[in-house]
Structures are given as C-alpha cells and as structure tokens.
Amino acid sequence: MSYDDNNIFAKILRGEIPCKKIYEDEYVLSFHDVNPQKKIHVLVISKGKYIDLDDFSSNASNDEIVGLIKGINKVAKKLGVSSDTGQGYRTIANISTFGGQEVPHLHFHLLSGENVGKMTQ
Ligand code: AMP
C-alpha cells in the first residue's frame, strides 16, 4: 500500500481543511479530534508522509522519530496533563485493519482530562 495524498490529514497538513491546532513544529502537527472520545482527545500527526507506525519505524529518519516522540511530550505539557502534573494521559496508535485505523496517515491519539478507563473495550 502506498501513501494516499488525498487522506484527510494530508489535506489538513496542506491547509486545505481547517483544524483546531494545539501545537506545530518541524516534525509534528497536533489538533483536536473532531469526534472526541474523552474530555481531552487530540491527535499528534507526523509532518512526513507515513501511513502508520510500521511505515514510520521502517522509513523515517532518526530525527523524525525523535521529533514525533518529543512532540507528544510537548503537546501533553501544553495541555497540562504530562506526568509531572500528576494527571497523565493515554496514547494510542491504531495500525491497519485489525488496529482499526481509519485515516492512513501516522497519528497518535492523546486521551486525558478524566480517567480514560480500561485499555480495550
Ligand atoms: P484512526 O481510527 O486511528 O485512524 O482515527 C482517526 C481519527 O481522526 C478519528 O478519531 C476521527 O474522529 C479523527 N478525524 C477524522 N477527520 C478529522 C478531522 N477533519 N479533524 C480532526 N479529527 C478528525
């Protein structure tokens, strides 16, 4: 499967579709999920064109990988839920069919603002 330039997050990255932006740097863009599952539900997406975490791990540069992981931490800090606040959060990366991935552009969900409950339903 090759990367689909018409996926909705690619359109957001190109500025063709608006988003409620939280944070942006060279490696990541973060914005509120349009259909929040918890009080805080945001997405952290790679700036690079990667389909999922496997594609990213196999093909991204070390700088991109570090930039994404640090980006999640920066977003958590900006939202005031990083572990040093005593709150915390859950990140989820859905991957391909069994993972239930809907948008084929690498993204992490960040869920918080309340106890997010059991890990799987
Ligand atoms: P996934 O199933 O991991 O691919 O999750 C895709 C997520 O993207 C879902 O939680 C959707 O609610 C969210 N989503 C889809 N379109 C948009 C959009 N235009 N802006 C923000 N979030 C979106």
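This note goes through the ligand site and the pocket of a predicted model.

1. Basis. In this predicted model local features need pLDDT of at least 70 and side-chain atom pairs count only at pLDDT 80 or more, while totals for chains, interfaces and linings use all residues. Residues are numbered from 1 along each chain as its sequence is written, and side-chain values use heavy atoms, with hydrogens and water left out.

2. Shell around the ligand. The ligand is surrounded by 16 residues (a residue is near a molecule if one of its heavy atoms lies within 4 Å of it), and the closest are D33, N94, E102, H107 and H109. By class, seven of the shell residues are nonpolar, seven polar and two charged.

3. Polar contacts (pairs of N or O atoms within 3.5 Å). An oxygen atom of the ligand lies 2.7 Å from a backbone N or O atom of E102, and a nitrogen atom of the ligand is 3.1 Å from a polar backbone atom of V34. The side chain of H109 has an N or O atom 2.8 Å from an oxygen atom of the ligand. Taken alone, the ligand exposes 510 Å², of which the protein buries 84% (Shrake-Rupley method, 1.4 Å probe).

4. Placement. The ligand sits in the largest pocket (more than half of its atoms lie within 2 Å of the pocket's grid points). Helix 1 (8–13), strand 2 (28–32) and strand 5 (107–112) each give two or more residues to the shell around the ligand, and helix 1 gives the most, with three residues.

Technical notes:
Polar contact = N/O pair within 3.5 Å; in protein donor to acceptor, adjacent residues only side chain to side chain. 1 Å grid on protein atoms, 1.4 Å probe; cavity = no way out; pocket = protein on both sides within 12 Å on 5 of 7 lines; lining within 4 Å. Helix = DSSP H or I, 4+ residues; strand = E, 2+ residues; numbered from the N terminus. Nonpolar A, V, L, I, M, F, W, Y, C, P; charged D, E, K, R; others polar.
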